[in-house]
Amino acid sequence: GDGCGHTVLGPESGTLASINYPQTSPNSTVCEWEIRVKPGQRVQLKFGDFDIDDSDSCHSSYLRVHNGIGPTRTEIGKYCGFGFQMDGLITSKSNEVTVQFMSGTHTSGRGFLAAYSTTDKSDLITCLDNASHFSEPEFNKYCPAGCVIPFADISGTIPHGYRDSSSLCMAGVHAGVVSNTLGGQINVVISKGIPYYEGSLANNVTSKVGPLSTSLFTFKTSGCYGTLGMESGVIPDSQITASSILEWSDQTGQVNIWKPENARLKRVGPPWAAFISDDHQWLQIDLNKEKRITGIITTGSTLAEYYYYVSAYRILYSDDAQKWTVYREPGTDKDKIFQGNTELYQEVRNNFIPPIIARFFRINPLKWHQKIAMKVELLGCQFSIGRAPKITMPPPPQNKNDDKNNDFSDDFIHSVKTSLQTDKTTFTPEIKNTTVTPSVTKDVALAAVLVPVLVMVFTTLILILVCAWHWRNRKKKSEGTYDLPYWDRAGWWKGMKQFLPTKSAEHEETPVRYSSSEISHLRPREVPTMLQTESAEYAQPLVGGIVGTLHQRSTFKPEEGKEASYADLDPYNSPIQEVYHAYAEPLPITGPEYATPIIMDMSSHPSTPLGVPSISTFKAAGNQAPPLVGTYNKLLSRTDSTSSAQVLYDTPKGQSGPAAANELVYQVPQSVAHSTGNKDE
């Protein structure tokens with residue numbers, strides 16, 4: 001009828017609107033749509049806008065929906081009203097529906113816009129829905145066919161995104177996610193808006209420049225939209241051919257050749273141009289092997305002085321460059337004509353839904369401005385899906401009808417190939433929730449498992465090394481702070497380490513070390529210097545470890561700067577063990593500053609020859625010092641087993657008798673040879 005507006009009736013979905021929508025529909029018009037889907041399925045109808053005059057109670061202006069087509073149809077409902085909100089969907093009882101629109105005499109009313117699909121599309125939306133109608137940050141919806149409508153606007157492009165006021169389904173067609181003739185599923189992601197939205201021409205949809213918005217939306221796709229090598233040079237020049245080449249001389253006499261290899265998108269310089277401008281020209285690209293081709297981008301000459309471009313073209317593809325197939329949309333028997341450029345600079349994109357699977361790709365210009373000239377880039381990815389199984393035929397019987405059997409076999413194989421090619425062009429791709437090409441999904445899954453495991457292993461090794469390093473440093477530090485002298489490291493002294501005195505950081509004087517082995521190596525004149533001391537309030541301890549306490553005051557002061565040393569313990573067990581204080585008692589103020597006599601019992605030392613009597617090695621001035629108080633009255637001094645001489649001290653040098661303590665200086669002890677039990681030195 002004369003009341004039909006925008007109409008696209010697809011095999012599974014479609015869009016229909018009243019005439020002049022969204023403006024006021026004219027008076028006395030009628031339109032009737034007959035919708036059919038596959039047998040066994042049912043139809044569901046959803047209204048995006050409904051505004052029909054109801055002044056006469058749906059008598060002259062109304063919308064009526066019927067089950068079935070023809071005289072046997074039955075009415076589902078009759079609807080009218082201004083701004084009528086219809087909740088839910090209208091569902092048929094069969095695979096056929098009739099929609100009838102009647103417009104009587106009225107002064108207002110936009111009419112209606114509706115979408116339909118099969119009932120298995122539960123998330124059906126209309127062409128008027130935009131992202132602001134949904135609150136979820138990510139959602140899936142089904143777009144009907146026919147959403148490229150002249151009264152809807154979109155702003156933005158891929159990959160930056162579309163303004164939230166844009167029609168979801170129309171933006172999906174522009175992005176190449178769904179087909180305008182088929183519809184399809186979209187996976188929408190909402191994110192923060194941007195200050196500026198670019199405009200572009202793609203899939204016969206013009207996106208306008210848009211201002212700032214609070215949010216935008218993008219689409220999740222299969223990820224098969226990468227460039228295939230025209231711009232980058234992956235496709236060599238030898239694999240780009242053409243039907244003819246424009247060759248001419250300019251005013252200066254220079255020869256210009258616009259060869260096929262010049263047809264690389266964004267390549268500086270002239271494009272490819274055909275020598276003859278007619279609809280038999282073509283530009284051919286050899287991809288070297290089968291690829292999944294999902295789109296194409298074209299420009300004009302990109303030279304201001306040569307305003308050439310192609311405004312419409314066909315696409316052909318082949319596996320052997322001999323038999324060519326013209327690209328058609330599924331469910332149609334007409335070649336698809338792609339919209340090309342409208343000027344020489346702008347990049348125009350067209351997508352193939354479903355994608356083309358082929359090695360050889362050919363562009364056949366149908367319309368152009370002045371001359372056929374263009375630059376192109378192909379979009380797609382590697383083709384990883386296994387090829388169709390090869391059809392094998394049993395050998396025909398050998399008889400007089402061989403020729404007929406051969407003809408039958410050829411016809412059968414040809415029909416199978418034709419059906420396989422048809423399947424390629426009618427298969428609806430599944431939109432996967434991923435951003436990688438299907439050829440690498442297995443590798444990505446493997447990497448997703450291996451990478452965390454490797455990270456954990458390396459982290460564990462690093463932690464083990466760090467802990468071992470810290471433990472080693474702490475062990476070295478603890479061993480270096482408190483340690484035994486070099487001559488006490490062996491034997492049971494290791495078990496006594498905790499009882500040994502520690503070296504104070506604040507007191508720099510060290511205990512006296514009595515070692516005749518060191519004294520024997522000194523020159524005779526150096527011994528008095530070692531034994532010469534200065535007065536001190538407290539004397540240093542004579543020995544370390546657990547020995548009997550010396551109650552007699554000692555006047556020995558350790559040698560400055562010497563390493564700490566200890567005397568051997570008494571070889572006899574002491575019935576009474578007393579704790580030895582770290583320092584001796586204070587020296588008397590009026591007492592003599594002479595060393596306390598030390599009695600050496602050489603006969604009891606295991607390394608001393610027999611027959612050596614115990615003698616005193618010190619001679620004191622004045623009164624005899626009181627005897628040692630303790631369990632023993634003798635103190636063993638460490639002596640070198642190689643020295644068997646008796647040491648005697650003279651009176652102070654230069655003094656005939658007792659003198660002041662601060663003036664006494666002892667001479668070097670005189671060694672008296674002792675012949676009994678000595679070894680040769």
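Which residue forms a disulfide with C143, and how far apart are their sulfur atoms? C143 and C169 form this disulfide, with their sulfur atoms 2.2 Å apart, where a disulfide is a pair of cysteine sulfur atoms within 2.5 Å.

This is a predicted model, in which local features need pLDDT of at least 70 and side-chain atom pairs count only at pLDDT 80 or more, while totals for chains, interfaces and linings use all residues. Residues are numbered from 1 along each chain as its sequence is written, and side-chain values use heavy atoms, with hydrogens and water left out.

**Overall make-up**

- The protein has five helices and 31 strands; helices (H or I, at least four residues) and strands (E, at least two) are DSSP runs, numbered from the N terminus.
- Of the 681 residues in the protein, 39% are buried, where buried means under 20% relative accessible area, exposed means over 50%, and partly exposed lies in between (1.4 Å probe, protein chains only).
- The protein exposes about 38600 Å², of which carbon and sulfur atoms supply 55%; accessible areas come from the Shrake-Rupley method with a 1.4 Å probe, and for residues only the protein chains shown count as cover.
- Among contacts between residues at least 6 apart in sequence, 75% join residues at least 24 apart, a contact being heavy atoms within 4.5 Å.

**Disulfides**

- A search of the whole structure finds five disulfides, and with bonded cysteines counted along the chain they follow the pattern 1-2, 3-4, 5-7, 6-8, 9-10.
- The link of C143 and C169 is left-handed, with -90 degrees about the S-S bond, and this pair links distant parts of the chain, with C143 in strand β10 and C169 in helix α1 (residues 168-175), 26 residues apart.
- C143 counts as buried at 0% relative accessibility, and C169 is buried as well, with a relative accessible area of 1%.
- C58 is joined to C80 by a disulfide (S to S 1.6 Å), and the torsion about their S-S bond is about -85 degrees, so this disulfide is left-handed.
- Both C58 and C80 are buried.
- Another disulfide joins C127 to C147 (S to S 2.0 Å), and it is left-handed because the torsion about the S-S bond is about -85 degrees.
- C127 counts as buried at 1% relative accessibility, and C147 counts as buried at 2%.

**Nonpolar cores**

- The largest nonpolar core has 28 residues, and those with the most contacts inside it are I315, F352, I356, F361 and I363; such a core is a set of buried Ala, Val, Leu, Ile, Met, Phe, Trp, Tyr and Cys residues joined through side-chain atoms within 4.5 Å.
- The elements that give two or more residues to this core are β18 (240-242), β22 (283-299), β23 (309-318), β26 (348-369) and β27 (373-382).
- Leaving aside neighbours within four places in sequence, F352 is in contact with I293, T294, G295, I296, I315, Y327, F338 and F361.
- A second, separate core of 24 residues includes A171, V173, V178 and F217.

**A nonpolar surface patch**

- V449, L450, V453, L454, V457, F458, L461 and I464 form a nonpolar patch on the surface, with about 740 Å² of accessible area together.
- Patches are made of residues with over 30% relative accessible area and no salt bridge, with like charges joined within 9 Å and nonpolar side chains (Val, Leu, Ile, Met, Phe, Trp, Tyr) within 5 Å; a salt bridge is a side-chain nitrogen of Lys or Arg within 4 Å of a carboxyl oxygen of Asp or Glu.
- V457 lies in helix α3 (residues 441-481) and is partly exposed, with a relative accessible area of 42%.
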